[in-house]
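Dear colleague,

Please find below the structure that I am handing over to you, with its sequence. My findings follow directly after it.

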Amino acid sequence: MSNKPATLFDKVWDSHVVRKIEDGPDVFFIDRHFIHEVTSPVAFLGMEGRGLKVMFPEKTFATADHNTPTINQHLPVQDPLSANQLKALETNSNKYGISHWGLGNPKNGIVHVVGPENGITLPGMTIVCGDSHTSTHGAFGAIAFGIGTSEVEMVLSSQCIMQPKPKKMRINVTGKLGKGITPKDVTLYIISKLTAAGATGYFVEYAGEVFENMSMEGRMTVCNMSIEMGARGGMIAPDETTFNYIKGREKAPQGAAWDKALAYWKTLKTDEGATFDVEHTYAAADIEPMITYGTNPGMGMGITHHIPSALAGDSKASYEKSLQYMGFHEEDAMLGKKVDYVFIGSCTNGRIEDFRAFASIVKGRKKAEHVTAWIVPGSHIVEQQIKEEGILDILTEAGFQLRQPGCSACLAMNDDKVPAGKYAVSTSNRNFEGRQGPGSRTMLASPLVAAAAAVTGVVTDPRELMA
Amino acid sequence: MAYDKFTILKSSAVPMPIENVDTDQIIPARFLKATERKGFGDNLFRDWRYETDGTPKKDFVLNNPIYSGKILVAGKNFGSGSSREHAAWAIYDYGFRCVVSSFFADIFKNNSLNIGILPVQVSPEFLDKIFTAIEADPKAEIEVNLATQTITIAATGASESFAINGYKKHNMMNGFDDIDYLQAMKEDIKVFAEKSLY
């Protein structure tokens, strides 16, 4: 080991390189592999075609989430194609000895929610999944990123993938966040500054006071959205907040193993003097509740602002195509725009803290009559917490119904689809054309903004509803 | 899955001068429910290509018979968003072997290389030249030469070189993939895994 100052990213990356290929990628060892029903079946089929076995079944964890219905999960899945994919995940997992938390299992939920909450995700790990929001797990100081199905097959059959090492970017946010400003606003703000492609080719480390003071749920929200500015992933150095979150979780190390792990985890930070290829610094005081107005996550703005007349670096034609899809115009105010649907959930904002925030606004108020709201916990464990903490009572009182866990309206693979032309304020991660259903129009925002929209029926600054 | 070796591709190209084409546009999530890799080309760009009742949208480029070819030319930040390899499968299954853009999203680029589609990143200026050439002649021939790592507009002779690492280039030219490589080094991986903390 050299004594040259290293970044957190370098420390974790370099310790997982099995072989460096000259003029090629690194052969990169994977500690944890998550699979779900959509991106794994063809990988298993490929292995069968080649006569390969799963090399380390104990390092892969399966959960069903993308396709699953969010009501009546005890009944057979109606859509035969979805049912077939769910069955394939179960069959493949059983065949190769992979732990499988399918529909109905009390541990089931969105892959990026259940990994951390069960202590499967740990600092210093390399984690992949056939899902771009795998970047979520970077909140623990892990290198975590999404992969394609060919790579899922590689991990299953050899526990490695071939990856060129990305460049390094550090994003600092200094100072303290104001009232009503959540981690989702922090990430939407950063992406609006960097654009949807601004971090492509980079792996990001988030640093500074704002992230140090952030809960694990908040850090997961921020790291989750790293891909939305093109970054492969984002990570935050583990600290006491991280260790306290992990301790005692089912699959976390115990006893002597805990002490050994903890000693290692405490070394996982960027050394003084280590350098990054690019560094950006923002002030927390400049961030207000954010909302998107266009069809990529870089098209976001402070909720009290007006839609800008162009986006730096993008062609006018692409920009106008986007506004036209949304039915918005340059210089429009976002406040007061009508909202038809509200979705709280997803791997971005489907954790207990998000539902606490949502409840804090709707408490003592009523859902706007014309709004359809989908309240979808990220996992059964989150669902249970919602009930135990009395949040369900607040929601029920305000006219909302709690659904069952899954990816739901984030990508609308199940029946939770926003109809064509309708507007949704969504706590998910993508406002792409048709993402929440063909023709749907998505405005991304925090759980507080979603709650304010749900009770007023229009885009509303949540700070006006806060005590 | 085996793919065709890539050496020299001479073809007309389909122009799509739109930026930030995300993988949800390339193939919407509701078409990801198959458990086998086949038929994805039918739903390539589904919601841009078809009305909700299934009739083709006349103004979409794939429905315009004057454009055809094995090369797709697109605006910057192509393939952003979801990691779904189905997007690359749909492009391959439709018949494209090469995508040209001034900028690619990382995961899409990896997925393409893994299944035999060559992503060719050119300068914004050269991208404009290609669009101009296709505008002048919809059948304008583009030559992509992987061995020399050059892309050339036949009519004007305008040419630019593109980057690809030597390992991936060798794979593409021979139809090899990473799984073959990894299987051949399993003993090393086993030794490495024994030292792993997790």
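I begin with chain B, where the buried residues of H4(B) are B:Asp106, B:Ile107, B:Phe108, B:Lys109, B:Asn110, B:Asn111, B:Ser112, B:Leu113, B:Asn114 and B:Ile115. Helix H4 of chain B, spanning residues 106-115, is thus mostly covered, with 10 of its 10 residues buried. Just after H4(B), B:Gly116 adopts a positive phi of about 100 degrees.

Please note that this is a predicted model. The predictor assigns the complex an ipTM of 0.96 and a pTM of 0.97. For chain B, the average pLDDT is 96, and 99% of the residues score at least 70.

Apart from its neighbours within four places in sequence, B:Ile91 is in contact with B:Ile26, B:Leu44, B:Leu72, B:Phe96, B:Val99 and B:Ile117.

As to the interface, 63 residues of chain A are in contact with 50 residues of chain B. The elements giving two or more residues to the chain A side include strand S1 (17-20), helix H3 (80-96) and helix H5 (149-158) of chain A. The largest share of that side, seven residues, comes from H5(A). By class, the side of chain A that touches chain B comprises 27 nonpolar, 23 polar and 13 charged residues.

With kind regards

Notes:
Residues numbered from 1 in each chain as written. Chains lettered and ligands numbered in written order. Predicted model: local features only at pLDDT ≥ 70, side-chain atom pairs only at ≥ 80, totals over all residues. Contact = placed C-beta atoms within 7 Å. pLDDT = per-residue confidence, 0-100. Helix = DSSP H or I, 4+ residues; strand = E, 2+ residues; numbered from the N terminus. Nonpolar A, V, L, I, M, F, W, Y, C, P; charged D, E, K, R; others polar. Buried ≥ 20, exposed ≤ 12 C-beta atoms within 10 Å, placed from the backbone.
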